[in-house]
Amino acid sequence: MIRAFYGLERNPFSLDDSPLLAQQQEIYDTLRVHCQQGGLCLILGVPGTGKTRIKETLKSQADQKRLLVVTVGRTLHTYTNTIKILCQAFSIEYEGSHFKCERRLIEEAFSLNRQGKMLVTVIDDAHLLEMQIFRKLRLLFEDFPKNHNVILLGQPTLMSNIALAVNEDVRSRVTYSVLVRRLNPDDTRAFLLDQLDRAGLGHNTFTEAALDLVVRSAEGVLRRARNLALSCLLEGLRARTKTIDIDPVNRVLVQPHWRKDLDLVQY
């Protein structure tokens, strides 16, 4: 619908084929080195700052002949279900006890290692994973080949949990940690204009005042900037105008999920 109205061949603000931002690229390059050496990496950041983009790029650009990237995204599961997810990722039948499944996982990891493949396990939303479950996973990964790399993606609270004295056995094994920071206003503006270019839209699609308001309201969060700009384009479609001024932006910003000072109305 947006493409038809604006006369586009590509969905605007689609990140599928967009390059990583400078901060994300630096983190990605560092992770690639750790994928060869092994270790435990922490990628921390508030929601929407680009952690998932780094993960997806690592998966999509992995050389399947040399690097196998296994992801665990359902981190609220029990240890049993997490082992099932790992078995599925390694194309192993889950049957029998934990011990038998863990042994099959270790054997498969060493089999891949003998084939010259590097192995990376990515645990997304790791701040939701109970430390007791992660400690069991850590003990399992201890028996994997030494160049096996584990990457934990999560919110900054993950570091707070790992920093507790009771979790020193985990913290002492961390080989790389980084905080994916919010974008500054100039970088947010550059991101928005680059996305307009990629979609085939002119920079004048947003007036200067409207673009400034989008940048301020996004507060440096990549996902917020993208969603807000996309919602503004939808408002323009609804109003049958191809130029977004400050009014469509304000109509989006009055929606409850954009307002931090929303007073709950008692009915």
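Guide: Here, buried means under 20% relative accessible area. Keep in mind that this is a predicted model.

Visitor: What share of the 267 residues of the protein chain counts as buried?
Guide: The protein chain has twelve helices and five strands. Its C-alpha trace spans about 60 × 50 × 35 Å along the principal axes. Of its 267 residues, the share that counts as buried is 46%.

Visitor: Of the contacts in the protein chain with a separation of 6 or more, what percentage joins residues 24 or more positions apart?
Guide: Take the contacts with a separation of 6 or more. Residues 24 or more positions apart account for a share of 74%.

Visitor: Is H2 parallel or oblique to H3?
Guide: H2 and helix H3, residues 51-60, have axes 10 Å apart and pack at about 45°. Angles under 35 degrees would count as roughly parallel, and 65 to 115 as roughly perpendicular. The angle of H2 and H3 therefore makes the pair oblique.

Visitor: How many nonpolar residues are in the contact of H2 with H3?
Guide: The crossing of H2 and H3 is right-handed. H2 brings Gln-24, Ile-27, Tyr-28, Leu-31, Arg-32 and Cys-35, which meet Arg-53, Ile-54, Thr-57 and Leu-58 in H3. In this contact of H2 with H3, two residues are polar and two charged, and the nonpolar ones number six.

Visitor: Is H9 perpendicular or oblique to H10?
Guide: Helix H9, residues 185-199, packs against H10 with the axes 10 Å apart and at an angle of about 120°. Roughly perpendicular covers 65 to 115 degrees, and roughly antiparallel needs over 145. The angle of H9 and H10 therefore counts as oblique.

Visitor: How many charged residues are in the contact of H9 with H10?
Guide: H9 passes H10 in a right-handed crossing. From H9 come Pro-185, Thr-188, Arg-189, Leu-192 and Leu-193, and from H10 come Glu-208, Leu-211, Asp-212, Val-214, Val-215 and Ala-218. By class, the contact of H9 with H10 has seven nonpolar residues and one polar, and the charged ones number three.

Visitor: Which helices are included in what covers the buried residues of H12?
Guide: In helix H12, residues 246-253, the buried residues are Pro-248, Val-249, Val-252 and Leu-253. They lie on the same side of H12, because they cover an arc of only 140° around the axis. What covers these buried residues of H12 includes H10 and H11.

Visitor: Is Phe-13 buried or exposed?
Guide: Phe-13 sits in the loop between helix H1 (2-6) and helix H2 (22-37). Its phi is positive, about 60°, although Phe-13 is not a glycine. With a relative accessible area of 1%, under the 20% cut-off, Phe-13 is therefore buried.

Visitor: What does Glu-219 count as at 33% relative accessibility?
Guide: Glu-219 lies in the loop between helix H10 (208-218) and helix H11 (222-238). Glu-219 is not a glycine, yet its phi is positive, near 55°. Buried is under 20% and exposed is over 50%. At 33%, Glu-219 therefore counts as partly exposed.

Visitor: Which residues does Thr-82 touch, not counting those up to four places away in sequence?
Guide: Thr-82 belongs to helix H4, residues 79-89. It is buried, because its relative accessible area is 2%. Leaving out residues up to four places away in sequence, Thr-82 touches Val-72, His-77, Ile-133 and Leu-137.

Notes
Residues are numbered from 1 along each chain as its sequence is written. This is a predicted model: local features need pLDDT of at least 70, side-chain atom pairs count only at pLDDT 80 or more; totals for chains, interfaces and linings use all residues. Side-chain values use heavy atoms; hydrogens and water are left out. Helices (H or I, at least four residues) and strands (E, at least two) are DSSP runs, numbered from the N terminus. Buried means under 20% relative accessible area, exposed over 50%, partly exposed in between (1.4 Å probe, protein chains only). Axes are lines fitted to C-alpha atoms, for helices over the stretch in contact, and angles run from 0 to 180 degrees between N-to-C directions. A crossing is left-handed if the near helix is turned anticlockwise from the far one by less than a right angle, and right-handed if clockwise. Contact means heavy atoms within 4.5 Å. Ala, Val, Leu, Ile, Met, Phe, Trp, Tyr, Cys and Pro count as nonpolar, Asp, Glu, Lys and Arg as charged, and the others, Gly among them, as polar. The arc is that of the directions from the helix axis to the C-beta atoms.
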